[in-house]
Every structure is written in structure tokens, then in C-alpha cells.
Amino acid sequence: MAIIVWISRNYYLRSPVEACLILEGQILIKTGGQASPDSPGGASEQHHKNTHVEFKGVSKSYDGHNRVVKDFDLKIQTGEFVTLLGPSGSGKTTVLMMLAGFQTPSEGEILLEGRLIHDLPARKRGIGMVFQNYALFPHMTVGANLAFPLEVRGISSEERKERVERVLRLVRLEGFADRHPSQLSGGQQQRVAIARALVFDPTLVLMDEPLGALDRNLREEMQYEIRRIHRTLEVTMVYVTHDQQEAMVMSDRIAVLRAGIVEQISVPEGLYEAPQSAFVARFIGESNQLLGQVHRLLEEDNVCEVKTGGEIIRALKVESCGVGDHVTLSIRPERVKINPGPNQYVNEVNATVRDLTFLGDQLRIRLATCGIEDFIVTIPNIVGHGGLVEGDSIRIGWTTVDCRALNYEHPNPEN
Amino acid sequence: MAGSLTSLRDPRYRARLRALALVAPLVIFIGVTFIAPLGTMLTRSVYDPVVADVLPNTLRLLDSWDGVGLPSEAVYAAASEEISQAEAERSLGLVASRINRVRGGLRGAITHTSRELRNVQQGSRRESMIAIDSVWSDPATWHAIQVTGERFTSRHYLNALDLQRLPDGSVVSQPDERRIYVHLFWRTLMISALITLLCLVLGYPIAHLIARSPPQRANLLLILVLVPFWTSLLVRTTSWIVLLQTQGVLNDLLVAIGLIGDDGRLSMIYNMTGTIVAMTHVLLPFMVLPLYSVMRGISETHMNAAASLGATPLQAFLRVYWPQSLPGVGAGALLVFILAIGYYITPALVGGSDGQLISNMIAYHMQTSLNWGLAAALGGVLLAGVLVLYVVYERLIGIERIGLR
């Protein structure tokens, strides 16, 4: 019965006959377009209705040799907030520009609501875009900037006025319509830029590092603001940033890019808790990375033993590997326990305290252990530091689950 | 004394003095080479004391003349005496040529009279002067003397605007055959406007191209734009003669490809066409450079933004790019227009007879006819026109520009 409710919410049934068919349990039969979904296409296009944007093996090369984006695959659901996260030069902006229509892919396909958009010029894609430096037109007032997309669409002046007011209310800038962009603060300009990308009711909004020019506090405020707008309007958003915290705050899913390749696509928690590569582990949050060689494979649950710096560490095998393979072990600083009880952890090693840094909410301890000099452990500032001083010899321990054996990376790789 | 010493020790005062000393050379230079000549020229256009200095008594006595009949015997006496004296002092030529400008033919009459007056010993001066030359019985002659005798005069400006003052004081147009300056001013304005428009049409895309090029290519293109700046004006102009003359490269080419017959060669130089082509070429950099500097400040993403908002390329250009480039358009147009209005060498070389501009007429009066008063007045009118344009620019673009920042 719940299924029927779901179906009748999404489809306007034309006749009782169809309803009967459904009642008889043949819900998933292809009705050949007899059911009318509330967006174009029949039931057979259900897939496309939910997938708003799809990248299929997209590559981009400017000079014919070096590809700045390599075999990029990504499906973005309608209403989703997806962030492309990566350091500069990772190709994230290029991906966005291809979607916006300012660049064309060298290979592969980009589909917008199931339609190939390569031949569609940017102005016909109906995608709202917020640019890095806002790109507000300095010779127009805020109101004129916002009315511009409506004007070129031939919308009447009364409706323009009404919609401009509505969108100004949405970004909380009522009464600013007659100002020039130069008379606004950075944060206000940012809001205008967002409002302008929304005023013509696009279903897809792209943002290219929109908060880069703002100071820290304002940036955080705007992150929540953008999230609020996303939830209010239920539009699909694709956001580009190099700031992992920004990505964490706003995104439903994050695609981590590196040198034109997608390293991992996941929900924010997934990236942090289950990084699939050493790069992601390092880029999202902080992680101690130990280089080692697989010593033994255990039967249970993909666990392996890794030899590193003279210690044998038991880790979760993420990368498929055999005995003797080189791997990177990744351990989050806050998952390490200082001076654990006897046999509390599978992994326990000796360490020497190199220095202590008090950071207010936490204490940051740099240790020499497992052959490296900068093994970081953080402990929340609720237990005190237990009288630790520089030079102390201590024991540290962590679980197998908190230690992930990832792909081997040469020390000090770029990025 | 003590006070000035303390102020000299005051570092702020000394810094200001130092600044003044650094600026002084430029101030003096501008004063000597720009403001002083300009002042002299403007003065000359309204102040002409030569006749008043040489014929003071004649002019004073003429004041009581009714202006209709012949002046009194006393006027003739004073005139003959002062003419003789002026001849002896060799200043009669200047006086004669000035009077001659107001009424043609009087130069000869005056010099002739001065020579003949030597032989006249006694009797009525009026009768002897009229006997020497009949012009002395014509009231118009005395009017001419009266007019040129004004120390401060508007006649040069009236002349420059094709007007004249009748003996009764009313201002009327010159007779048709003497009306040349207003037409010439008008033609100068029109040609300058046309050249400005051509420079804008030709320069706008170039400036845009340079502004959007990567730095290295932009430099190269800028150099190409600036090459005309670096070559001698004469070389450039001569090249145009080589290209455009009747037996020139372009005509030969057109004949060779059969577009025109050998007898139908186009005359593209020594006329208005030549002036327009050569001046557009010479002045193009003055349009490109201000445009370029403004366009470089227009963010490239604006056009992308406009496209993403749904604007066609034309809409994006008209609504987003063009308005932002207006300060450059204004600056370039003003620069080119003002330079074109006062341009002299190019029209003189390739303008022929119908390609001459007002500056060529000013040069003529400075060098050939030696009517400096009229030349100064023509220059004054030109200056006033330029100032008006500048004010218009300030109002239209200058204020708008402040709004942009």
C-alpha cells in the first residue's frame, strides 16, 4: 500500500485501469509512457529523472597531450549538493566549466537530465553560476544585476521587480536593490552573486570557489547560508572548493579530485572514516601516514599485518595487496590512545614525546615512533595531559579498524 | 626673522619647499612654453595698439566726426602730420596693412599719400590729401581708420566667425564671397568627428584583442600599434602618398586586377579622402591605448557570467561589455577628436585644396598674410570649442566614471 501511495504521489494516473494494474501488483511493468510523471519523460525515464547531471568518461586536454581531467565519471542526483574538492590544479574548475558550457570535453559525454549538452551553448543550458570573483556587473545596480537574466529572457518588468525582491529576501538583502556592487561588502556581494544565479529559477546551480575571497568568519557564515538556501530551494548544486572543511559543512557528497582523477566519491563521513587512498586520508582531516610492507595476511575481515619502522602493525586492508607489497598506513591522530591499559589494543608501540602544543580545545602531541619523528596524537582538553613532558617515553595504542592500509605513496609526493 | 628661521627648520616646511623645488622646472617650462604664448595669442586676438599708437591725434579728432560727411580740416591736418611722421619712423607699413585689411586698397593709397605729402607745403590739408588720392574724400576710409584705431577690438573674432561690424555699429554677416571660416570650422568638426568614428570602429576590436591576449602576444600587438608613433610623421605621410596617389600602389593594383580602367584611376590623395585616411592612421594609437587600458580592467568572467545568465553574445556585449568600456571610448574619442581638430601637418601635405582644415588657415594667417590678430582669433575660437567639448566629456563620461568605482 505504501508503494501505491508513493506511486500516486509521483505519477498522475490517467485511468482507474492503470490503478488496477498497480493494485494487482504489476507495479514495475513498463506502461509505455501511459503514466505521466511530473517531469518530462515516461516511467522508463525514471532513471533520468533522478539523475540530474551525468559525466561519462569525460577527459579534457588543452594541448592534446596533458589531460587536466582524466576519465571523469560522476552522477549527480536531482536536489543533491555535490562538492568537487581538490588542491589547485586538480581539474575541479575545469569540470565545472565544462558543465557550465565554457569548456568542451575532449572525450566523453556530459548529460543534463539525460540529454547530451555538448552542442548547447552556455546561455541555453539554464544553469545558474556563481563565479570565483562574483562577476557582478559594476556599472549596474544590484537590482539591475539581478534583473539582467530575467530581462534577457523577456520577462515583464513587473514580474522582474517581484522576482528580484523575492530573491533579495532569500539572501537577506532587502532594500539593497539600488546600491552599486562597489558599495557592498564582500559578503554582501557574495549574496548578490548567489541571488543572481538563482533569480531565473535554475534547477542546477554551480559555484566556483565562491567563498575564496572572504575572511574566515564570514566564510563560515556563508557556508551555512548556502546550505540553508540549498535546503530551501531544493536545487541541485555543484560546488568547487579546495577547502575540505567547507566541503564537509555543505555537501551531501564530495568528489575528491587529484591531478584530474577522481580519488574518491563519498558522503563527508565516508571520506573521513573510510578514505580509499593515502591522498584522501591526508587531504581530508589529518592523518599519520606510515610507509611499510605487508608482512602477513590474516583470514578474518581483510586484516593484514604490516611491518613499519621495526614494528608489526595490524591494519584494515583497503587496497588489495599481497605479502611483501608496499602500503601506506593511515591513523587519525585522535584515535590513538596514550598509555592504554595492558592488552587493551592490538596495536601497541613505544613512543617518545617530542613536543606538546596546547590548542585550547585539544592538546597536540608530537611523537617519535615507528621510525618517524612527527607522529601526531591529539587528545581532547577534558582529561588534561597526564603530566606529559618532552622526552617522556610512553606507550600508545590503536585498534585495527582505525588503522587503514592504503596504496603506497612515495614520501613527499606533490600535493 | 626669527620666525622664518624656525619655519625653515620645521621639517614639514622644508619638505614642502623641496617638493616645490622639484616641481619648479616643470612649472617654469609650462609657464614659458605654454601659458605665456597662449596668453600672448589670446591677447593679440583682442588687443591691437599699432594704429592707435601711431595716429593718436587723428583718432581723437575723428571722435567728433559725424560719420556722414567729410571730417573737419583739423582731422586732415593731424592725419597728414602723423602719416608723415610715421613714414619717417618707418612704422607706416604696419598701420597701412592693418587699415588695408578692413578696407582693401588703402595700403597703396596711404603709402602713396605719404610720399606725395612731402611736396605739399601749405594750403588746406583736406584739399591736398583729396587731391593726392580720392579715397580721402570717402567716409569709408575714415571709418576704416576709426575701426583699426580701437586698441581693444572684437573685429578679429567677428572676422573669424564671418561677421562684420557696419559703421552704424550693427553686426552682420560678411558678404558671401568672404564667408570662409565658419564653413571651414564646420568642415573641420565634421572631418574630425568622422576620423574619430573611424578610429573607434577600427580601434575597438584591436584594443579588445590586445586586452584579451596573453601578456606576450599583447606586448607584440601593442608594439605593432605603437609603430606609427615611432616613425616620423613625414615618413608615414609620404608612404600614404606612395600608396594612394593616382600612379600609386593601390591604383596600380586595382587596374591590374581589372577593377577599374587605366583612365578611371581614383584620386585618393591631395583631397579630403587623403586627409581622412592619413589622419585616421596617425591618430589610431590615441584611440587604441585608452581603450586598451580600460578594457584590461574589465573582468573576462563578466562575459561568461552574462552567457550563464542567458544573454546572447550581442546582448552580453551591449549590456555588459560596452557600458564598461565607455570611459575608454570617451577618453579615446576626446583625445582623437581634439588632436584632429587642431591637426596641421597631415592635411597640409596630403589634403590638396579641399582637404584643408582650420589649422591650415591659421598657419596661412601666421606665415603668409601676417594677420596675426585674425590667426589668434581663429585659434581662440578653436580653443573655446575644445574647452566646451572637454566640459561635455566631464559631464557625460567623467561623472559616470566616478559612479563606476
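The questions and answers below concern a predicted model with chains A and B.

Reader: What ipTM does the model score?

Author: The structure is a predicted model. Two overall scores come with it, pTM and ipTM. The pTM is 0.76, and the ipTM is 0.74.

Reader: In chain B, which helix has the highest confidence?

Author: Chain B has a mean pLDDT of 87, and 96% of its residues reach 70 or more. Confidence in this chain is lowest in helix α1 (residues 2-9), at a mean of 59. At the other end, with a mean of 94, is helix α11 (residues 181-212) of chain B.

Reader: How far apart do the C-alpha centres of domain 2 and domain 3 of chain A lie?

Author: The domain assignment of chain A gives domain 1 as 2-38, domain 2 as 50-273 and domain 3 as 285-407. Between the C-alpha centres of domain 2 and domain 3 of chain A, the separation is 39 Å.

Reader: And what separates the C-alpha centres of domain 1 and domain 3 in chain B?

Author: In chain B, the assignment places domain 1 at 1-30, domain 2 at 50-153 and domain 3 at 181-404. The C-alpha centres of domain 1 and domain 3 of chain B are 43 Å apart.

Reader: Which are the edge strands of the open six-stranded sheet in chain A?

Author: The order of this mixed sheet is β8-β9-β10-β5-β11-β12. An edge strand here pairs on one side only. That applies to β8 (127-130) and β12 (261-266) of chain A.

Reader: Is B:Gly373 buried or exposed?

Author: B:Gly373 lies in helix α20 (residues 372-404) of chain B. A residue needs 20 or more C-beta neighbours within 10 Å to count as buried. B:Gly373 has 23 C-beta neighbours inside 10 Å, so this glycine is buried.

Reader: Which residues is B:Gly373 in contact with, leaving aside neighbours within four places in sequence?

Author: The C-alpha atoms of B:Gly373 and B:Arg155 are separated by 9.1 Å, although these residues are 218 apart along the chain. With sequence neighbours within four places set aside, the contacts of B:Gly373 are B:Arg44, B:Ser45, B:Asp48 and B:His156.

How values were computed: Residues are numbered from 1 along each chain as its sequence is written. Chains are lettered from A and ligands numbered from 1 in the order in which they are written. This is a predicted model: local features need pLDDT of at least 70, side-chain atom pairs count only at pLDDT 80 or more; totals for chains, interfaces and linings use all residues. Domain bounds come from an automatic or database domain assignment. Two strands pair if DSSP finds at least two bridges between them. Helices (H or I, at least four residues) and strands (E, at least two) are DSSP runs, numbered from the N terminus. pLDDT is the predictor's confidence in each residue, from 0 to 100. A residue is buried if 20 or more other C-beta atoms lie within 10 Å of its own, exposed if 12 or fewer, and partly exposed in between; C-beta atoms are placed from the backbone. Two residues are in contact if their C-beta atoms, placed from the backbone, lie within 7 Å.
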